Amino acid sequence: MGNRRTFILQVLGAAAAAATPGWAKAFVHPLDEPAMRNRLAARSTLLAVTGAGQRMVAVGYRGLVVYSDDEGRTWTQASVPVSTDLVAVTFATDKLGWAVGHGGVVLHTTDGGAKWVKQFDGRQAAQVAVETFERRLAEGPAIERLLAEERSFVDGGGTQPFLGLYFENERVGYVVGTFNRIFRTEDGGSTWVPWMDRTDNPDGLHFNAIAGRGGNVYLAGEQGMVWRLDAASGRFVRAPTGYSGTLFGLLPISSTTVLAYGMRGSVYRSTDAGAAWQRTAMSSLAGVTNGALLPDGAVVLVTQAGGMEISRDHGRSFTPLKPKTPMSYYGVFPGPAGQLILAGAEGMRSETVR
Amino acid sequence: MNERHVLQVISDPKDFDDRSGNIVERLIFNNRLVLVAVCVLLTAFFGFQMRGLVVNASFDKMLPQSHPYIQNYIENRGELRGLGDSVRVVIENPNGDIFDPAFLATFAKINDEILVLPGVDRAWMKSIFTPVVRWIEVTEEGFKGGPVLPTDYNGSAKSIEDLRINVGRAGVTGSLVSNDLHSSMIVVPLMPTDGAGNSLDYNKLSTALENIRSKYATNSGEGAPVRMYIIGFAKMAGDLIDGLQKVMTFFLLAAAVAAFIIYLFTRCVRSTVLVLACSLVAVVWQLGSLVVLGQGLDPFSILVPFLVFAIGVSHGAQKMNGIMQDVGRGTHKWVAARYTFRRLFIAGVTALLADVVGFAVLMIIDIPVIRELAMTASLGVGVLIFTNLILLPVLLSYVGVSPAAAKRSLAEETEEVKGRGLGKVWLLLDHFTERRWATAAIVVSIAMAVGGYVVALDLKVGDLDAGAPELRPDSRYNRDNAFITGNYQISSDVFAVMVKTAPEGCRDWQTITEIDRLSATLEQVPGVQRASSLADTMRAYIGGSTEGNPKWLTIPDNQSIVDGQINNAISWNSEFLNTMCSLSPVLAYLTDHKAETLDEVVKVASAFAEKHNNGDRKFLLAAGSSGIDAATNIVVAEANRTMLIYVYASVIVLCAIAFRSWRAVVVAVLPLILTSVLAEALMVKLGIGVKVATLPVVALGVGIGVDYALYLLSVQLAQQRLGFSLGQAYQRAVAFTGKVVALVGVTLAAGVVTWAWSPIKFQADMGILLTFMFLWNMLGALILIPALSHFLLQGETRRGTVKPDEATLPEEALAEV
């Protein structure tokens with residue numbers, strides 16, 4: 001009787017399932033959904049902007065990538081296979097570029113940013129990390145801890161984002177993100193190796209950015225922390241700024257001089273590749289979100305509150321600029337002759353620096 | 001039978017057999033005193049009831065109740081904060097920005113006074129002085145936040161500076177504070193009913209706001225004078241009701257014009273007064289019965305008393321006409337009244353029934369204000385059967401008419417039948433029964449119909465002007481609206497999609513991701529200025545919780561991160577979710593409320609819903625002013641079609657019964673169709689869209705328009721069946737009824753043309769359209785009926801019958817049928 005009843009219930013259940021396929025549409029993860037065509041692409045929120053030869057490329061919400069071949073006057077939407085929020089973009093050559101963002105996605109372009117393909121995502125990253133640490137379990141408790149951590153991310157559901165990336169050249173590059181997560185590639189992004197065991201980050205702080213210049217590579221993250229890649233040991237070693245708040249990014253302006261910036265108008269400057277830091281005064285308490293080194297050597301930092309400050313002494317001191325039409329700025333890149341190309345809450349804009 | 005069909009001239013009532021006539025006639029005329037007494041009592045009763053007559057407008061009654069969008073809205077309205085009925089009050093400092101101690105003191109007082117107004121949903125009132133408006137900031141120590149109004153606010157320079165900082169970090173510039181910082185807004189949500197369940201009295205609320213405005217607008221008030229701008233349905237309804245009171249005075253004007261026309265027609269003071277009095281009695285009964293039924297007047301049903309009066313006057317005038325001629329022949333007034341009743345009761349009832357049909361088809365429109373209009377109007381016209389078809393002849397049987405006027409009337413008709421006097425006009429019309437003129441008239445009509453049709457292709461559905469299209473563009477309300485849209489980044493045209501989930505379902509990151517997608521999808525529609533939703537709140541809160549890092553302005557696929565921020569949104573009273581977390585609106589702010597804009601948004605939102613609805617969440621259209629507009633447009637466009645079909649079908653049936661000839665039906669209906677087409681073309685030219693207010697016009701235009709054909713054609717056909725040729729029959733018909741047709745056309749038009757000066761835009765539109773339809777239908781009937789008859793109705797003339805003498809008057813000939 002009981003069996004019979006179960007059987008009937010199963011049949012009914014199957015019938016019900018078969019009868020309702022029309023509306024029971026499954027949710028599509030943004031990693032599996034291409035970015036939608038956006039009529040207002042250049043007026044939508046964009047979080048980062050960079051250059052690829054003469055071209056300008058910016059990334060933003062819901063897989064939006066736009067590029068401009070006329071110095072930021074008009075923008076074209078690129079073809080992108082995911083619709084997760086993209087937060088950082090970089091080019092190793094005029095044609096070869098990468099972008100990272102939420103969903104742990106790593107996108108790659110070979111045509112200067114018009115068409116992008118997915119190289120890596122958060123699900124693969126977790127799998128690669130777990131497999132790698134499982135293989136290396138014998139190396140000791142540090143690896144054991146990292147494996148446990150990766151497994152807990154998987155169990156928690158969802159993916160971990162990548163918040164920053166840096167490519168030394170068209171083969172070697174890094175992507176970084178939450179909870180001490182960092183991966184390195186030596187083949188232009190085809191394969192990624194977890195580097196979580198090569199950071200001095202026992203608290204598992206988030207990495208918000210990675211940048212490099214002249215052989216030095218830096219990480220910036222929570223609690224005012226900066227790390228520098230020590231070539232000898234092949235590890236990212238601590239280079240704390242002394243600040244307690246979060247750093248959003250880094251701007252290396254020479255092989256040894258670097259600026260770290262973050263929340264509440266905090267800017268720190270080091271002239272010895274991060275060994276010692278001095279605070280640089282800004283005129284407002286707004287979070288500093290990005291910076292750019294101009295061709296003439298001037299340094300520009302932009303803020304969330306639509307502020308913009310310029311330094312003509314390699315970041316020692318800053319003076320405010322007055323943008324024509326301010327918005328929340330998230331990214332800045334030098335344009336042609338005295339122009340700044342800005343990405344922000346209202347899309348792409350340009351301002352003139354006098 | 002023999003004695004019944006001859007209406008002899010009887011000068012002494014003693015010679016009249018009071019058992020003659022049908023039972024209704026005997027019942028009425030043999031109990032005249034009882035009837036008059038009953039009518040007096042009823043009039044007194046209804047007149048007394050009219051004390052309780054209220055003029056109001058209701059937000060809900062304007063909603064097309066059974067449209068799925070509206071049902072979705074009504075089902076969920078309790079959970080939709082700030083999307084329901086609300087008023088926005090903007091207070092401007094004429095002498096600088098809002099951070100001025102004197103101005104803020106006044107602002108606080110106004111804020112407090114508005115808070116305690118009846119009907120205000122106090123918990124959700126929003127201004128920089130209410131605790132629900134908060135700022136959030138990220139510091140090294142974490143999230144910081146609080147009400148925009150500093151808790152220790154005391155008007156000192158320090159606390160004003162704090163307020164200025166809080167306004168900045170709350171991001172309310174453009175929403176609660178104007179872009180130029182010179183004014184600030186109070187958003188006042190309203191509750192549809194008070195604690196006792198009484199519906200909100202918009203007029204009272206509007207007056208109360210107006211009192212606050214005048215109190216603080218002058219130096220005599222407390223504090224520095226401020227300027228106030230008020231918008232919202234309640235204010236608009238209040239202004240409409242004020243406008244209605246002005247419209248009441250138009251009623252007097254319409255009555256005066258009608259009196260003048262009747263007097264011209266009858267040249268008899270007694271009968272003019274009687275006709276007006278009976279029509280007024282009808283209005284009193286109609287308004288009184290409204291109160292008894294527990295209803296009031298609203299901006300739509302205010303047209304009913306006008307129409308009842310105008311229809312009453314025109315029908316009353318016909319009764320006069322008949323009685324006068326009988327009296328002119330020497331018949332006693334009591335007998336004359338009975339003869340007239342005998343001759344015209346059935347015709348009058350038929351014509352009134354046609355009017356009732358015109359009103360009654362409005363019942364199919366699923367909008368309560370229109371249903372009520374249909375009901376009260378049918379009632380009003382029904383009342384006319386008593387007052388103007390029964391009471392009027394009875395009163396006439398007492399009062400009689402002026403003998404001189406009676407003689408004059410008879411002489412005139414005799415002249416007209418012979419083609420003299422006014423008959424010259426009728427002779428001119430007579431030409432239309434001849435081939436050449438008929439062809440010309442029909443060719444011209446076809447050309448007009450084609451031209452009209454081409455123009456009418458551009459006919460739009462919905463409201464075409466910005467602001468409140470119910471009021472004139474230069475009205476105070478619309479100027480206030482223009483100020484607010486000019487100085488704030490809010491559009492009053494909001495289209496909301498309701499995202500419905502199981503309780504706690506709105507916190508699912510997948511739901512929020514879908515909300516974000518819908519919001520982005522809606523922003524792609526060209527008429528959408530901006531969309532906003534829970535997804536924006538989540539992006540901002542998650543960015544805030546990660547120290548304000550813009551890279552975290554996202555909706556992560558980690559439920560635990562989302563959960564914490566949803567809890568914050570709930571405890572900070574976000575209007576994007578309900579406390580059960582089962583409903584979240586996605587708002588699209590539109591550039592205007594034109595039909596194309598709404599259509600496009602509806603199309604995109606429905607396609608999204610179709611694609612993304614599943615067991616976990618449903619995307620329900622639609623709330624917000626534009627959601628309601630969209631549903632109303634859909635219902636109105638559909639109703640416009642079905643109503644035309646119904647009204648024409650019923651008119652065709654009525655004509656078929658009256659004429660018993662399909663050819664005659666064609667002759668009667670074609671001119672109406674021409675008028676309908678031309679009326680649509682006129683709407684295009686005047687920039688009037690098809691909307692709730694124009695539906696009654698279309699139905700009435702046809703329903704009342706057919707009266708003319710009923711009068712003219714029934715006489716013409718009868719004469720033809722007596723053996724008169726078409727030309728003769730038409731001449732006789734037009735001589736007999738032409739004046740009445742003209743009279744009806746002119747009195748009806750006079751009743752509504754005054755509305756063209758109404759401060760209420762849609763009433764002005766209705767007035768212009770109705771005037772056009774009444775007059776054009778009259779012309780159409782007088783010209784096209786003979787022209788069409790030439791081609792279709794020649795065959796109706798019965799050959800071989802003994803044709804009566806041409807000198808017999810048409811009604812005498814008729815009486816002998």
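This is a predicted model: local features need pLDDT of at least 70, side-chain atom pairs count only at pLDDT 80 or more; totals for chains, interfaces and linings use all residues.
**Stop 1: chain A, coloured by confidence**

Select chain A and colour by pLDDT. The chain averages 91. Of its residues, 93% score at least 70. Now select residues 1-23 of chain A. Here pLDDT stays under 50. For this stretch the model has two contacts beyond four places in sequence.

**Stop 2: the annotated spans of chain A**

An unreviewed UniProt entry annotates both as "domain: Photosynthesis system II assembly factor Ycf48/Hcf136-like". What is the helix and strand content of residues 59-118 of chain A? The span is 0% helix and 43% strand. Its end C-alpha atoms are 15 Å apart. Residues 162-307 of chain A are 0% helix and 47% strand. There the end C-alpha atoms sit 27 Å apart.

**Stop 3**

Start with A:Gln223. Find it in the loop between strand E14 (216-221) and strand E15 (226-230) of chain A. Most residues other than glycine have a negative phi. Is A:Gln223 buried or partly exposed? Count the C-beta atoms: 15 others lie within 10 Å, so A:Gln223 is partly exposed. The cut-off for a buried residue is 20 or more.

Move to A:His314. This residue is in the loop between strand E23 (308-311) and strand E24 (319-321) of chain A. A:His314 is not a glycine, yet its phi is positive, about 60°. It has 16 C-beta neighbours inside 10 Å and therefore counts as partly exposed.

Next, A:Gly338. Look in the loop between strand E25 (329-334) and strand E26 (339-344) of chain A. A:Gly338 has 14 C-beta neighbours inside 10 Å, so it counts as partly exposed. Which residues does A:Gly338 touch, leaving out those up to four places away in sequence? They are A:Thr352 and A:Val353. Draw a C-alpha to C-alpha distance from A:Gly338 to A:Val353: it reads 5.1 Å. In sequence the two are 15 residues apart.

**Stop 4: chain B as a whole**

Switch to chain B and zoom out. Along the principal axes, its C-alpha atoms fill a box of roughly 110 × 55 × 45 Å. The chain has 26 helices and nine strands. Of its 817 residues, 55% are buried. Take the contacts in chain B with a separation of 6 or more: 79% join residues 24 or more positions apart.

Select residues 280-398 of chain B. UniProt places "domain: SSD" here, in an unreviewed entry. The span is 82% helix and 0% strand. Its end C-alpha atoms lie 19 Å apart.

**Stop 5: helix H5 of chain B**

Select residues 101-115 of chain B, which form helix H5. Why does the end-to-end distance of H5 agree with expectation? At 1.5 Å a residue, its 15 residues should span 21 Å, and the end C-alpha atoms are 21 Å apart.

Show the buried side chains in H5(B): B:Phe103, B:Leu104, B:Thr106, B:Phe107, B:Ile110, B:Asn111 and B:Ile114. They cover an arc of only 160° around the axis, so they are on the same side of H5(B). What do these buried residues pack against? Their partners in chain B are strand E1 (86-92), helix H6 (157-170), strand E4 (183-189) and helix H7 (202-217).

**Stop 6**

Go to B:Ala622, in strand E9 (residues 617-623) of chain B. The peptide bond from B:Leu621 to B:Ala622 is cis, with omega near -10°. Most peptide bonds are trans.

Then select residues 624-659 of chain B, helix H21. It has 36 residues. From first C-alpha to last it reaches 51 Å, close to the 52 Å expected at 1.5 Å a residue. B:Arg660 follows H21(B), with a positive phi near 50°.

**Stop 7: where the chains meet**

Show both chains. How many residues of chain B are in contact with chain A? There are 24, and they meet 32 residues of chain A. On the chain B side, strand E2 (134-139), helix H17 (509-523), helix H19 (559-571) and helix H20 (595-612) each give two or more residues. H17(B) gives the largest share, four residues. Colour this side by residue type: four are nonpolar, 14 polar and six charged.

Terms used
Residues are numbered from 1 along each chain as its sequence is written. Chains are lettered from A and ligands numbered from 1 in the order in which they are written. Two residues are in contact if their C-beta atoms, placed from the backbone, lie within 7 Å. Ala, Val, Leu, Ile, Met, Phe, Trp, Tyr, Cys and Pro count as nonpolar, Asp, Glu, Lys and Arg as charged, and the others, Gly among them, as polar. The expected span of a helix is 1.5 Å times one less than its number of residues. UniProt positions are given in the numbering used here, feature names are shortened, and annotations may be inferred rather than shown by experiment. A residue is buried if 20 or more other C-beta atoms lie within 10 Å of its own, exposed if 12 or fewer, and partly exposed in between; C-beta atoms are placed from the backbone. The arc is that of the directions from the helix axis to the C-beta atoms. pLDDT is the predictor's confidence in each residue, from 0 to 100.
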